[in-house]
Amino acid sequence: MEFLKSAVASAIAQGPPFPYTFGDKVDVDASIWTLYNGTRRADGSNCSIFSFDVAANKARLPLAKNALKKLRTMRHPGVIKVLDTVETDSYIYIATERLVPLRWHVKRKSLSPETIKWGLYSVARTVKFINDEGTSIHGSLRVASIYTSESGEWKLGGFEILSNVKDDEAIIYTYGSLVPESARYTPPELARSGWDAIKRGPHSAVDAYNFGTTIFEVFNGDFTGADQAGQTKGIPPTMHAAYKRLVNPNPKARITVGVFLEQGLRSGAFFDSPLIKLTEGIDNLGVKSETEREEFLDDLSQLTDDFPEDFFKIKVLPELLKSVEFGGGGPKAFSVVMKISTKLTSEDFDARVQPVVVRLFGNPDRAIRVCLLDNLPLMIDRLPQKVVNDKIFPQIVSGFSDVAPVVREQTLKSILVIIGKLSDRTINGELLRHLAKTANDEQPGIRTNTTICLGKIAKNLGSSSRSKVLIAAFTRSLRDPFVHARNAALLALAATCEYFSDDECASRILPTICPSLIDKEKLVRDQASKALDVYLQRIRKVAAGMPETAQPLPHATEAAGPRMSTPAPSDAASWAGWAISSFTNKLSAASGQMQSSADGTPAPSAGQRPTSPPSRGLDPNRRVVSSTSSASALHRQAVKSPSPAPLSRNLSKSPADAYFQDAEPADDDGDAWGDMGDMNEDGSGNDNGADSFFDAPSEPSRKKEKPPASSSSLPFDDDGSEPDFAGWLTAQAHRKGPAGGKALPKGLGKPPAKATNGKGGGGGGSAGRKPLTARPAAKPVVAKKVDTKPKETDDDDGWGDGW
């Protein structure tokens, strides 16, 4: 083989220039030619080279020269296309389009019946042209003289004895028998009488017989001799009658190849197939009317997968792409393009389809855009990431702002297809800005699909902004009036649970799901319950792994006895029972003077009995005097008896507050929980100690005076008498003294009548005495207003901005 190549190369060097390079030798049937694969030096394109060595086969030189002459002069789509030729005294080279012998496919039986019919149709048209328009005889028609091109089309060669019937000295008469294996395919009349018998019968009779033997050969794999002519083994039944007439022993009774072709093209006949119709219409697709083009594309879209892929790739695909881009083929033609492109290799797709697709995305035609988006899943895997991110995506996003809702919706759906080809910067920047707009689209379906899209691309979002974007988007969608938008938000929340922190699940997501539990639509309620279960399971799992408390360990003294605010283990069955039992169990054991609790609020003394359930809250700013207490007795206790040190330390700054040890809590419906924030550090709720209802002296003045020695430290007795305001006022006057005190206002001095003994019952004193007017109380302290309105956040507004 190497020697042969070197010999060919040396021969080329000695002859005229031949701008082609020889490649591998191709196996063919017995022939006067040696076939090589070759390449064109100028552009590296593929070709085939027929080589004839004059010295080795000098007796058949006239056959080679005749073939060279006929190939140069005959132009027909069914004839081998010649690129260049070289003829010298030593060799003849014919460079043609890249060819593969049909024998290869026949031996492997790789041709489907439809493909064989299509190939025979092409050969029949070529033979008809030779016989009728060319008034010539091919003379050696067989499988060995047929080749397939790169497009899969059958091309006719073997023109060694092709002759014009008008030429009396035609080569067929003299050299017909020199064709290799001619005896196997010779018609009966020529076998009996020689090649001159052609002159006595129809000139088309030889080619008609040989076309019949070719039909048998392609369907059965081989033709051994004249005894097989007329056998219908393997031949389609629709072709039997016409085939038998082709191989009739009587040359005058044979039908011509043209008649055979005509019979095959009748409605329902053997050549009436979609593939043959396609080959007839693809060449002039650009000049067809709109109606004809629609019919042609309808037939094309119905083609099955058993048709020749090479033909679609080389012949059909370029014509369809031109029709889509320039000829008005529209979406239907592009759908066929996508169907064909699925069988292309990656290299062929990149070279033939990808450039056109990129240009089509810039086409303003909405129908083309929607068709491109619909077919995007078929080609996204073959499009490089750089092409999608830099060239296609900038064209796609224009669809987000299109006035046609169908374009906006298809653009939104396409994001799920191309998301894997986009960079992180594109996703978290431009894409999120566009999705923020579609989340507010006027079309409810687009809003719903935006929520679904965000849920599906959550894993592609940046971890730094993902939770904020998703919570804002889904929270807004939960308030959407469209039921399916709310349902989609709940579905998305359930699907993206893993992307939120524990705090976000508990404090931000669960509160937004809860209102949906009582949605007006059962669809939403059911989905809200499922989503709630997902998050509750996660929160419970997190809580199970948390410590029991974050408070520091108690001191040893506190550990000696149980704290009233801590439930006993045995009371865990009822959350309210332990609190009630704690109060009732401790009251019987308490003793001593009342002390302030750690937070500054009065704790109940041992001898007191609560007058209201302990579950009610007490308002530390409310002053309610017990209906069974005596004001004068209280006064005497406060003036004459020094307060114990712990009491003065732990109670409020105003001494009057100490008088309400036995005060009945007010029924304020639990409002005290909201007032506790207005209390001072000491828990009294007073700012300066001057807001007491009785205007009692302040803490500093009480420390300066020396209490009388006769004062008693015993608790006061509730005698049920009315408050003695007059006695209290007299004690005030004596305590201040004549020098340092001011005269009491007129009407508030001690009357000349007997002093009140504190037991006047509930009547309010003697009947003739005028009612005493109490001194106006000091201006009450205005309680601090606690703003309980939740802070307004803008987490759900403009979530797409800034990314």
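**Note on helix packing, sheets and an aromatic pair**

1. Helix H4 and helix H11 cross in the right-handed sense. A crossing is called right-handed if the near helix is turned clockwise from the far one by less than a right angle, and left-handed if the turn is anticlockwise. The model is predicted: local features need pLDDT of at least 70, and side-chain atom pairs count only at pLDDT 80 or more, while totals for chains, interfaces and linings use all residues. Residues are numbered from 1 along each chain as its sequence is written, and side-chain values use heavy atoms, with hydrogens and water left out.

2. The helices and strands named here are DSSP runs numbered from the N terminus (helices are H or I with at least four residues, strands are E with at least two). Two packed helices are described by the angle between their axes and the distance between the axes. For H4 (residues 113-133) and H11 (residues 274-282), the angle is about 45 degrees and the axes are 9 Å apart. H4 is therefore oblique to H11. Axes are lines fitted to C-alpha atoms, for helices over the stretch in contact, and angles run from 0 to 180 degrees between N-to-C directions. Angles under 35 degrees count as roughly parallel, over 145 as roughly antiparallel, 65 to 115 as roughly perpendicular, and the rest as oblique.

3. Which residues of H4 meet H11? They are Glu114, Thr115, Lys117, Trp118, Tyr121 and Arg125, and their counterparts in H11 are Leu275, Ile276, Thr279 and Glu280. By class, the residues of this contact of H4 with H11 comprise four nonpolar, two polar and four charged. Contact means heavy atoms within 4.5 Å. Ala, Val, Leu, Ile, Met, Phe, Trp, Tyr, Cys and Pro count as nonpolar, Asp, Glu, Lys and Arg as charged, and the others, Gly among them, as polar.

4. Helix H12 (residues 290-301) packs with helix H13 (residues 309-325) at an angle of about 140 degrees, and their axes are 14 Å apart. H12 and H13 are therefore oblique to each other. Their crossing is left-handed. On the H12 side, Arg293, Leu297 and Leu300 take part, meeting Phe312, Val316, Leu320 and Ser323 in H13. Five nonpolar residues, one polar and one charged make up the contact of H12 with H13.

5. Helix H22 (residues 466-478) and helix H23 (residues 483-495) pack at about 145 degrees, with their axes 7 Å apart. The crossing of H22 with H23 is left-handed. Phe474, Ser477 and Leu478 of H22 make this contact with Ala485, Arg486, Ala489, Leu490, Ala492 and Leu493 of H23. The contact of H22 with H23 has seven nonpolar residues, one polar and one charged.

6. Strands of a sheet pair through backbone hydrogen bonds, either parallel or antiparallel. Here two strands pair if DSSP finds at least two bridges between them.

7. Strands E4 (residues 82-87) and E5 (residues 91-96) run antiparallel and are joined by five bridges. Glu87 has Ile92 in E5 as its bridge partner. E4 and E5 form a hairpin with three residues between them.

8. Another open sheet has three strands in the order E6-E8-E9, with antiparallel pairing. E6 (99-101) and E9 (154-156) stand at the edges with a single partner strand each, so one side of each is left without a neighbour in the sheet. Direction ignored, neighbouring strands of this sheet are turned by 45 degrees against each other on average. Three bridges join E6 to E8, which run antiparallel, and Pro101 stands opposite Tyr147 in E8. Helix H4 lies across E8 and E9, running at about 25 degrees to E9.

9. How many aromatic pairs does a search of the whole structure find? The search finds 18 aromatic pairs. Phe50 lies in strand E3 (residues 46-53) and Tyr147 in strand E8 (residues 146-149), so the pair ties together parts that are 97 residues apart in sequence. Rings of Phe, Tyr and Trp (its six-membered ring) pair if their centres lie within 6.5 Å; planes under 30 degrees apart count as stacked, over 60 as edge-to-face and the rest as tilted.
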